[in-house]
Amino acid sequence: MYQLTARDIRRRNRFYVLQAVYAAEGHTSRQEIARATGLSFATVGNMIAELLDVGVLAELGYDAPGVGRPRAQLAINPERGMLVGVDIAETSIHFDLFDLAMTVLRSVEIPVDPQATQPDDVTELIVRGVRELTGEDAERVLGVGLSVPGLVEPEGGVSVFSPYWHWHDVSLKSLLAPRIPHPLYLDNPLKASTAAHLWFGAGRDVDDLIVVTLRAGVGIGVVIDGTLYRGVTNSAGEWGHTNLVLDGRLCRCGRHGCVEAYVSAPGIVQTLRESDPASSLFGVDDAATITAIAAAAAREDATAVEVIEKTGHYLGVAVANLVNLFNPRTMVFGDLVANVLGERLLEVTRRVAAHHAMSDPYAAVTLQLCTLPHNPSSLGAATFALEGFLADRETFGSIAARRAIRTTTT
């Protein structure tokens with residue numbers, strides 16, 4: 001069994017402290033951080049000293065006089081550096097530049113030519129987008145996080161398998177590293193979206209969480225006891241390729257009856273095609289069709305309502321299985337399908353899930369839409385870059401050593 005080292009524990013505590021500062025959404029004190037994290041005041045003080053030393057935190061002064069000693073107020077220092085979050089989707093690549101307070105400074109979006117999806121083609125688009133995004137600020141970038149569709153091995157930055165582009169064992173990090181002069185951190189959209197919720201969304205308030213991503217691909221991120229669950233090969237969360245309908249529709253992974261074949265954007269378009277092949281709701285692409293379905297359902301168009309009912313039925317059954325398996329406190333639904341079809345889809349999903357799930361686990365869970373203000377995948381990807389910076393041995397190791405020397409000599 002893997003044993004945590006002192007460095008691991010220190011890094012984890014650094015994460016906890018900084019997460020508490022972000023959660024304060026303004027400023028906070030050492031005492032409030034100790035209460036929020038459950039860490040000792042001495043541990044909190046040490047972590048804050050390190051974060052102050054590297055400029056991640058800033059002291060704003062003291063709170064208003066009252067009973068007891070005034071408390072020093074702490075906040076994120078947005079000027080310390082910048083982070084890049086890249087959401088590589090099947091049809092486009094979205095780039096966000098964040099300051100250290102995770103405020104979006106600039107965004108760029110580049111379409112992906114469906115006829116040019118070889119690794120070299122996508123690499124070229126990523127390099128172009130990062131350069132365009134960062135511009136004269138490139139030297140201030142602390143790291144670049146990339147959300148890559150499919151199965152990803154994050155340590156080596158390898159795209160193990162992408163069913164959309166038929167990639168197998170593509171070392172994307174190796175292709176990018178010579179051309180992007182920043183630390184690179186890769187994982188897939190499921191893990192990225194979940195990281196965003198852990199740091200900045202519903203995961204702040206609960207320890208057992210499932211984040212459901214519904215777009216061209218479908219999957220989940222699982223948080224157990226406050227920790228992102230990855231599985232042995234980092235493939236935990238491939239719920240979209242679990243079986244929902246025996247001998248059902250052909251899925252893009254090559255199997256039949258997968259969840260993704262029914263509740264993804266292409267799956268919903270297929271449901272419309274089966275309901276009304278000549279429907280006027282078909283758009284120029286899947287996203288346009290989903291938007292048209294939502295608008296028509298708002299007018300109580302019978303075909304649109306039927307499509308959402310059928311999709312909600314499939315999604316509700318699949319969600320009931322998740323409730324029974326994981327017993328989460330909260331399930332968050334995000335990305336294209338959830339954002340566009342919204343509460344109407346979720347209402348059907350709740351009704352069907354309540355019928356199929358075990359009663360006690362379902363009574364304990366809240367099903368809600370994503371409320372993050374940014375693209376969850378790019379925000380989560382930037383969060384991976386933030387975590388990488390916070391875990392940097394050279395930066396924080398030298399600080400810890402200097403502080404130990406100062407403590408010994410005084």
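Does Cys 253 count as buried or exposed, and what is the relative accessibility behind that label? In this predicted model, Cys 253 has 16% relative accessibility and therefore counts as buried, since buried means under 20%.

**View 1. Cysteines and the search for disulfides.** A disulfide is a covalent bond between the sulfur atoms of two cysteines. When the whole structure is searched, zero disulfides are found. For Cys 253, the closest cysteine sulfur belongs to Cys 258 and lies 3.7 Å away, which is too far for a bond because a disulfide requires sulfur atoms within 2.5 Å. Cys 370 is likewise buried, and its relative accessible area is 18%.

**View 2. Helix 1 against helix 2.** Helix 1, spanning residues 6–24, packs on helix 2, spanning residues 30–37, at an angle of about 110°, and their axes are 9 Å apart. The two helices, helix 1 and helix 2, are therefore roughly perpendicular to each other, and the crossing of helix 1 past helix 2 is right-handed. Helix 1 contributes Tyr 16, Val 17, Ala 20 and Val 21 to the contact, while helix 2 contributes Ile 33, Ala 36 and Thr 37. Sorted by class, the residues of this contact are six nonpolar, one polar and no charged.

**View 3. Helix 9 against helix 10.** Helix 9 (residues 286–298) and helix 10 (residues 302–326) cross at roughly 115°, with axes that come within 8 Å. Helix 9 and helix 10 are therefore roughly perpendicular to each other, and their crossing is left-handed. The contact is formed by Ile 293, Ala 296 and Ala 297 from helix 9, together with Ala 304, Val 305, Val 307 and Ile 308 from helix 10. By class, this contact holds seven nonpolar, no polar and no charged residues.

Technical notes: Residues are numbered from 1 along each chain as its sequence is written. This is a predicted model: local features need pLDDT of at least 70, side-chain atom pairs count only at pLDDT 80 or more; totals for chains, interfaces and linings use all residues. Side-chain values use heavy atoms; hydrogens and water are left out. Axes are lines fitted to C-alpha atoms, for helices over the stretch in contact, and angles run from 0 to 180 degrees between N-to-C directions. Helices (H or I, at least four residues) and strands (E, at least two) are DSSP runs, numbered from the N terminus. Angles under 35 degrees count as roughly parallel, over 145 as roughly antiparallel, 65 to 115 as roughly perpendicular and the rest as oblique. A crossing is left-handed if the near helix is turned anticlockwise from the far one by less than a right angle, and right-handed if clockwise. Contact means heavy atoms within 4.5 Å. Ala, Val, Leu, Ile, Met, Phe, Trp, Tyr, Cys and Pro count as nonpolar, Asp, Glu, Lys and Arg as charged, and the others, Gly among them, as polar. Buried means under 20% relative accessible area, exposed over 50%, partly exposed in between (1.4 Å probe, protein chains only).
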